[in-house]
Amino acid sequence: MPSPAEKIDIERTKKIAEHVFDLLGGALVSAMIYLGDRMGLYQALNGAGALTSEELAQKTGLHERWIREWLYGQAAANLIDYTGEGRFELSPESALVLANENNPFFLAGGFCALPQQMAVLNQLPESFKSGIGLTYDQLGPEVNRGVERLLAPWFHTQLVPSALPKLDGVVGKLQNGAKVADVGCGSGVALIEMAKAYPRSSFHGYDIAKIALARALNNAMQAGVGNVTFHDAKVDPLPGDASYDFITTFDCLHDMTRPDLVMRAIRAAIKPDGTWLIADVHGQPTFEQNLKDNPLAPVMYGFSVLCCMSSALSEPGGLGLGTLGFPEPVARKMVAEAGFTRFTTRDFENPINAYYEVRP
Ligand SMILES: C[S@@+](CC[C@H](N)C(=O)[O-])C[C@H]1O[C@@H](n2cnc3c(N)ncnc32)[C@H](O)[C@@H]1O
């Protein structure tokens with residue numbers, strides 16, 4: 001009989017160790033992206049050509065030695081180009097991802113909640129024991145802001161000009177004056193974009209997170225839109241009066257403890273000829289397929305434990321779908337069970353989300 005030590009494949013062990021170290025690298029580079037965003041370093045580099053650490057320090061009013069170490073790390077991580085002779089440049093492509101907030105490739109904003117998101121690790125051992133997760137309010141304001149900055153670029157640049165015109169008859173109704181609800185509206189960015197574009201329509205945002213609702217109200221005031229109202233869905237839920245022409249749910253059904261009940265409420269709230277647009281994370285139908293075909297699966301399962309599944313289990317009896325828990329077959333089944341009869345997939349060229357146009 002070989003001893004257990006002889007059974008170990010050392011080459012495989014080395015590869016796993018390298019992989020784990022790479023993953024640690026990802027976490028640490030993420031922390032550096034957080035700093036780059038927070039300290040305005042990407043903004044300062046954007047369009048500035050190749051700068052030395054002294055020039056970047058001068059531009060930002062920060063200490064050169066710290067800037068230099070950060071630049072070395074960014075170049076080593078292939079995020080910023082080293083052009084030689086102590087100069088560093090943010091390429092136009094990196095700028096789209098790290099510096100320019102209003103384009104669909106922008107990702108750095110999502111890193112703004114990293115410290116708070118990671119601080120949740122102190123609370124999650126208790127959730128593993130009790131089974132009960134944390135609500136979005138318990139995750140705190142920075143996580144709310146992180147979700148907003150991660151998802152807002154698509155709303156700002158794609159929702160009104162590209163996505164809505166692909167839905168059957170929705171834009172005409174919005175132009176003439178429609179009643180619209182965004183359920184799980186978070187900080188209201190999607191709703192405000194639509195409200196600006198369609199002043200004859202009235203827009204209602206529903207959420208259960210007080211932090212998100214307060215942010216949404218503030219965002220609406222800043223945008224100067226008067227045709228938006230926000231509702232705390234716990235005390236002022238969707239009315240079951242078949243009055244809504246258009247309802248949206250963006251990246252939130254998988255976060256809800258009882259999406260089945262919310263879907264039924266949406267069915268009762270929508271007009272017989274109304275449209276419901278669902279956006280949810282583009283997952284494969286099974287865990288096995290995610291393992292095989294979904295390169296984003298490790299990130300998504302991480303988000304799930306830290307945030308989405310946690311929220312979906314934040315009350316006893318929560319379904320706990322989680323980030324990858326609402327793939328198309330689940331969506332089709334749950335939507336049909338809620339009483340909808342038409343379900344069409346829509347491709348809005350978003351690598352993260354799937355979109356479904358659903359009708360009674
Ligand atoms: C990932 S965020 C998405 C927010 C927003 N739709 C967006 O795209 O920015 C999920 C939101 O769903 C909300 N939510 C969770 N359960 C809910 C429920 N039962 N009713 C309404 N909103 C809910 C959370 O409070 C959170 O704001």
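Predicted model: local features only at pLDDT ≥ 70, side-chain atom pairs only at ≥ 80, totals over all residues.

## Around the ligand

| Residue | Atom of the residue | Atom of the ligand | Distance |
|---|---|---|---|
| Gly184 | backbone N or O | nitrogen | 2.6 Å |
| Asp207 | side-chain N or O | oxygen | 2.6 Å |
| Phe250 | polar backbone atom | nitrogen | 2.8 Å |

So much for the ligand; now to the helices.

## Two helix pairs

Two packed helices are described by the angle between their axes and the distance between the axes. Both values are given below for each pair.

Start with helix α4 (residues 53-60) and helix α5 (residues 64-76). Their axes come within 9 Å and cross at roughly 120°. Angles of 65 to 115 degrees would count as roughly perpendicular and those over 145 as roughly antiparallel, so α4 and α5 are oblique to each other. The crossing in which α4 passes α5 is right-handed. On the α4 side, Ser53, Glu54, Leu56, Ala57 and Thr60 take part, and they meet Glu64, Ile67, Arg68 and Leu71 of α5. Sorted by class, this contact has 4 nonpolar, 2 polar and 3 charged residues.

Next come helix α10 (residues 141-163) and helix α13 (residues 210-223), whose axes come within 10 Å and cross at roughly 55°. Angles under 35 degrees would count as roughly parallel, and α10 and α13 are therefore oblique to each other. Their crossing is right-handed. Here α10 contributes Pro141, Asn144, Arg145 and Glu148, while α13 brings Ile211, Ala212, Arg215 and Asn219 to the contact. By class, the contact of α10 with α13 has 3 nonpolar, 2 polar and 3 charged residues.

Notes:
Residues numbered from 1 in each chain as written. Heavy atoms only, no water. Axes fitted to C-alpha atoms, helices over the stretch in contact; angles between N-to-C directions. Helix = DSSP H or I, 4+ residues; strand = E, 2+ residues; numbered from the N terminus. Left-handed = near helix turned anticlockwise from the far one by under 90°. Contact = heavy atoms within 4.5 Å. Nonpolar A, V, L, I, M, F, W, Y, C, P; charged D, E, K, R; others polar. Polar contact = N/O pair within 3.5 Å; in protein donor to acceptor, adjacent residues only side chain to side chain.
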